[in-house]
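Biologist: Please take me through the packing and the chain geometry of this model, one point at a time.

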Amino acid sequence: MEFGPHLILAVLEGLVQASVLTLTALGLSLVFGVMRVVNVAHGEFFMLGAVFAYWVASWMGGPAAIGFVAALIIAPVLAGLLAVACDWLILRRLDYDPERTIVATIGMLYVIQQVTLMTYGPDAHPVTPPFNHRLAIPWFEFTENGFEFYYPWGLSTTSYKLFVIFAAMVARMGIWLLMAKSKLGLILRATQLDGETAQAFGIPVERVYAFVFGLGAALAAVGAVLIVPIQQAHYLMGHDPLLLSFIVVIIGGLGSLRGTVVAAILIGMSNGVISVFFTPTLAKILATLLVAFVLVYRPQGLFGAKPA
Amino acid sequence: MVSKKISDFKPSRRKVLTGMAAAGATTALPGFVPFVQAQSSEPIRIGFQVHRTGIGAAYGRWYDRTTMAAAPVINDMGGLNGRPVEIISEDDGTDPKRGAEVVEKFATHHNTDIAYGTLFSHVVVGSAPRAGELKMPYFVVSEGHHVASGMLNRWTLQPGITDVKSQVQAMAPFVADNLGKKVTMIFPDYAFGHDHRDFFSAAIEAQGGEVIAKLAIPPTETSFTKYFPQIPRETEVIYHVMVGPAVLTFVKEMGEFFGSARPEIFGFIDSLEAVDLATPGLEFLEGTYFWEGMPRYAQENQSEYDKFYRAAIGVDNNGASVSDPKDVSTFAHMFGCWETLHTIKAGMEAAGYQGTSDRAKLVEAVEAMTDMAESQAHPQGAKVFNGKTHQVFGPQYISQVQDGRLVVQHKTALEDGFYPDEVDYTTQSF
């Protein structure tokens, strides 16, 4: 493949990955920022989003678009409610102690994964995309006749992949509006800044925590519902998003939403581009190496605040 | 009057004798074969190492169904040497480390007579050494070349399914003659995929073709478009074989990459085992070719053995479960379980197998086997077993997708898959 078309393809693939990754990583970052809980089970909520999407879509039947839209609404809500239940049943009882919640969320990881295995089964299932057209992308070249467009071999994307990029952008905008412009966002930011003072001002911190934990899981689930028509729902699919989300959150700065978005796009894009030109293994090596450098030279992350 | 009838029933000596004779005659009828009282009527325990979870789960489910269907059939035929067969399943999670532990558990905890049933080659390679140490006959159903390559040991046998080296060698002439000579290979990046890479490259060169690019993909990969730009433009044939839960994504993204300008495509059905060919996004496969170990769709010249085999497992003429047409089987591979179990039966009977002390005799008896006729025990086709390399050789099927069904175009001869022996396990001591 020539360099130009090859690069375009790499960028498109990277953008799809980055889009889903931003949503998943935002969820992880939000939970850490507000609650100071490192949610090791985050990838499993991602997986649950995909599995619920499959269930909803196959239960609805009918046209693929209706099933998909229903899944896009119902699956994140279900994953979020489950996360809220986990928060009330487990995390709250541990007083959100950082060390104990890590162990508890590791436990949740295995429980969720194994229950999915027992109910959903070990197979991968696809969700039919609401629409999926192959879009050939034109490229230009200079010939004797001057500037010409042509369709290079293999250079294409699908309408659904473009939709994923767009939908993730809308979701990011929604989160930004929620955090920056709404009263709920004010409460969240206040709790993040200083939980005790917030409580003293009458903010029901425990309920805020439950909400945030649910929101974090729901964000991961939205990412999963978007990706499941491209990939498939499988009970082990939570590993990679968890690892990448951690990489993103560490590079971006734990708890910094802006840093998370920037780092997710950086990692997602470089992952896509390096995977296409070299190998996916090299992409993972470089991302992990970057984490090491960030931890050594800028432990608070690219956008994180320096600890007081 | 019930009481009267009972009191009336006073059997004379003659009546009892005729009755016994009749009972004796019934036992000789087919389908009614009680277990001949051997020295022990204890069941023979077969430890079934099954990929119930992990990346091999779809295969595991169908290997399980095939095994559980074969066991009663074998018991109806009189069991193993007059003793009923009992299958003891253990999940290995498609994981080599767990695989070795499962073999250990069969030996020490379940006291099984033999171990059987493993598919994924890395699990076989991880488990076979332990089986050898435990002196436990280990019948694998894996396709990997590791048995015949001499890498394993005398206790490991593969009598139910042909290995990759033989498969690709038998099919390379068809690819070179009908599809093209410049081939790009896409394969999973572990032992099984490397077998494909090495042996197909050699086989196509022998036909005057060449492999111009090799794309190794980790078996746990979930997105594939990023690999496809490595396919050279001058590719005439794509040769693909993929495993794991993401196979459907792989094939779909390949279709999206090529659009209407696809080269010829020759795939191993592994890339779509347990996947419905009618799934949206697979339309581009129309007209492409697949290797099949055994034809998923019942063909026009379907044998009575194929009919019996499908009915016993509960698979319809489209290769899907009779109870759920969406639940598509791993039809091209799972016959290996059925045939291996029948070979174990034949081996135990030839060896006069009584218990674990006869394990070496069982291995020797299987090593002595050669021709296996197409039959109810071997519905996939006639085979030849090579006792020295512990590997069976069978026919291969090349099918084309026509109207969303796989239609067999070519069946290879046994000789097409023969290659010189690379090991003689019979010279190793037990």
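**Core, interfaces and local geometry**

Biologist: Which residues have the most contacts inside the largest nonpolar core?

Modeller: This is a predicted model. Its largest nonpolar core contains 209 residues. That core draws at least three residues from each of domain 1 (44-163 + 333-394) and domain 2 (164-300 + 398-411) of chain B. The residues with the most contacts inside the core are A:A53, A:A79, A:V212 and A:A221.

Biologist: With which residues is A:V212 in contact, leaving aside its neighbours within four places in sequence?

Modeller: A:V212 is among the residues of α8(A) that meet α1(A). On the α1(A) side, that meeting includes A:L30, A:V31, A:V34 and A:M35. With sequence neighbours within four places left aside, the contacts of A:V212 are A:L30, A:V31, A:V34, A:M35 and A:L188.

Biologist: Are helix α1 and helix α8 of chain A roughly parallel or antiparallel?

Modeller: The axes of helix α1 (residues 3-35) and helix α8 (residues 205-227) of chain A come within 8 Å and cross at roughly 170°. Angles over 145 degrees count as roughly antiparallel, so α1(A) is, relative to α8(A), roughly antiparallel.

Biologist: How many nonpolar, polar and charged residues does the contact of α1(A) with α8(A) have?

Modeller: From α1(A) come residues including A:V20, A:L23 and A:G27, and from α8(A) residues including A:Y209, A:F213 and A:G216. The contact of α1(A) with α8(A) has 18 nonpolar, four polar and no charged residues.

Biologist: Which helix gives the most to the side of chain B that touches chain A?

Modeller: The contact takes 22 residues from chain B and 25 residues from chain A. In chain B, α3 (57-76) and α8 (247-258) each supply at least two residues of that side. By class, the chain B side has 11 nonpolar, seven polar and four charged residues. With five residues, the helix that gives the most is α8(B).

Biologist: What separates the centres of domain 1 and domain 2 of chain B, and how many residues does each domain give to their contact?

Modeller: Taken over C-alpha atoms, the two centres are separated by 28 Å. On the side of domain 1 that touches domain 2, α3, α5 (121-133) and α10 (331-351) of chain B each supply at least two residues. By class, that side has nine nonpolar, eight polar and two charged residues. The contact takes 19 residues from domain 1 and 18 residues from domain 2.

Biologist: What is the phi of B:E143, and what is that of B:H390?

Modeller: Most residues other than glycine have a negative phi. B:E143 lies in the loop between β4 (138-139) and β5 (156-157) of chain B, and B:H390 in the loop between β12 (383-386) and β13 (391-393) of chain B. B:E143 counts as buried because it has 28 C-beta neighbours inside 10 Å, and B:H390 is buried with 27 other C-beta atoms within 10 Å. Phi is positive in both, near 75° for B:E143 and about 65° for B:H390.

Biologist: Is B:I265 buried or exposed?

Modeller: B:I265 lies in strand β9 (residues 264-268) of chain B, and its contacts beyond four places in sequence are B:I238 and B:T288. A residue with 20 or more other C-beta atoms within 10 Å of its own counts as buried. B:I265 has 22 such atoms, so B:I265 is buried.

Biologist: What separation do the C-alpha atoms of B:I265 and B:S357 have?

Modeller: B:I265 and B:S357 are 92 residues apart along the chain. Their C-alpha atoms are separated by 51 Å.

Definitions and conventions: Residues are numbered from 1 along each chain as its sequence is written. Chains are lettered from A and ligands numbered from 1 in the order in which they are written. This is a predicted model: local features need pLDDT of at least 70, side-chain atom pairs count only at pLDDT 80 or more; totals for chains, interfaces and linings use all residues. Axes are lines fitted to C-alpha atoms, for helices over the stretch in contact, and angles run from 0 to 180 degrees between N-to-C directions. Helices (H or I, at least four residues) and strands (E, at least two) are DSSP runs, numbered from the N terminus. Angles under 35 degrees count as roughly parallel, over 145 as roughly antiparallel, 65 to 115 as roughly perpendicular and the rest as oblique. Two residues are in contact if their C-beta atoms, placed from the backbone, lie within 7 Å. Ala, Val, Leu, Ile, Met, Phe, Trp, Tyr, Cys and Pro count as nonpolar, Asp, Glu, Lys and Arg as charged, and the others, Gly among them, as polar. A nonpolar core is a set of buried Ala, Val, Leu, Ile, Met, Phe, Trp, Tyr and Cys residues joined through C-beta atoms within 7 Å. A residue is buried if 20 or more other C-beta atoms lie within 10 Å of its own, exposed if 12 or fewer, and partly exposed in between; C-beta atoms are placed from the backbone. Domain bounds come from an automatic or database domain assignment.
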